[in-house]
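Visitor: I would like to go through this structure step by step. Could you show it to me, please?

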Amino acid sequence: MIGVELLSPRIRQWAPADDAAHEVATGSLPAAVEALERRMIGAAMRRHSGNKTRAAEDLKVSRRNLIRLVQKYQLE
């Protein structure tokens, strides 16, 4: 097994923070979609150091929609 420290930063960003990330959501599908959306937006914002234009391009959404989602999930 390869240690996390040997992985590139690009791969490391997808490493789960803990075992809870591997659990399948037992709630509703909308709740699971929101959880995934929140994680993906948070990761994109970290990857691009808070630059919303670049994060939106990365996620293939409009900047305006990304701003709305960042506010919805209180990611700022």
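Guide: At 68% relative accessibility, Gln74 counts as exposed, because the cut-off for exposed is over 50%. Please keep in mind that this is a predicted model.

Visitor: Where is Gln74 found?

Guide: Gln74 belongs to the segment after H4. Its phi is near 50°, a positive value in a residue other than glycine.

Visitor: Which other residue has a positive phi, the one that comes after H2?

Guide: That is Ser49, which follows H2 and has a phi near 50°. Ser49 is not a glycine either.

Visitor: And where does Ser49 lie? Is Ser49 buried or exposed?

Guide: Ser49 lies in the loop between helix H2 (29-47) and H3. With a relative accessibility of 71%, Ser49 counts as exposed.

Visitor: Let us step back. How many helices and strands are in the chain?

Guide: The chain has four helices and zero strands. Read from the N terminus, the order of elements is α-α-α-α.

Visitor: What percentage of the residues count as buried?

Guide: The chain has 76 residues, and 17% of them count as buried.

Visitor: What is the accessible surface of the chain?

Guide: The accessible surface comes to about 6200 Å². Carbon and sulfur atoms hold 55% of that surface.

Visitor: What share of the contacts comes from residues 24 or more positions apart?

Guide: Among contacts in the chain with a separation of 6 or more, 38% are made by residues 24 or more positions apart.

Visitor: Now for H2. How many residues does H2 have, and how far does H2 reach?

Guide: H2 has 19 residues. From its first C-alpha to its last, H2 reaches 27 Å, which is close to the 27 Å expected at 1.5 Å a residue.

Visitor: Which residues of H2 are buried, and what covers them?

Guide: The buried residues of H2 are Ile41, Gly42, Ala43, Ala44 and Met45. Their cover includes H3 and H4.

Visitor: At what angle do H3 and H4 pack?

Guide: H3 and H4 pack at an angle of about 100°, and their axes are 9 Å apart. The two helices are therefore roughly perpendicular to each other, since angles of 65 to 115 degrees are classed that way.

Visitor: Which residues meet there?

Guide: From H3, the residues are Lys52, Thr53, Ala55, Ala56 and Leu59, and they meet Arg63, Leu66 and Ile67 in H4. By class, this contact has five nonpolar, one polar and two charged residues.

Visitor: Lys52 is on that list. Why does Lys52 count as buried?

Guide: Lys52, whose place is in helix H3, has a relative accessible area of 16%. Lys52 counts as buried because this value is under 20%.

Visitor: What is Lys52 in contact with, leaving aside its neighbours within four places in sequence?

Guide: Lys52 is then in contact with Met45, Arg63, Leu66, Ile67 and Glu76. Met45 is one of the buried residues of H2, while Arg63, Leu66 and Ile67 are in H4.

Visitor: What distance separates the C-alpha atoms of Ser62 and Lys52?

Guide: Those C-alpha atoms are separated by 9.6 Å, and Ser62 and Lys52 are 10 residues apart along the chain.

Note on methods:
Residues are numbered from 1 along each chain as its sequence is written. This is a predicted model: local features need pLDDT of at least 70, side-chain atom pairs count only at pLDDT 80 or more; totals for chains, interfaces and linings use all residues. Side-chain values use heavy atoms; hydrogens and water are left out. Buried means under 20% relative accessible area, exposed over 50%, partly exposed in between (1.4 Å probe, protein chains only). Contact means heavy atoms within 4.5 Å. Accessible areas come from the Shrake-Rupley method with a 1.4 Å probe; for residues, only the protein chains shown count as cover. Axes are lines fitted to C-alpha atoms, for helices over the stretch in contact, and angles run from 0 to 180 degrees between N-to-C directions. Angles under 35 degrees count as roughly parallel, over 145 as roughly antiparallel, 65 to 115 as roughly perpendicular and the rest as oblique. Ala, Val, Leu, Ile, Met, Phe, Trp, Tyr, Cys and Pro count as nonpolar, Asp, Glu, Lys and Arg as charged, and the others, Gly among them, as polar. The expected span of a helix is 1.5 Å times one less than its number of residues.
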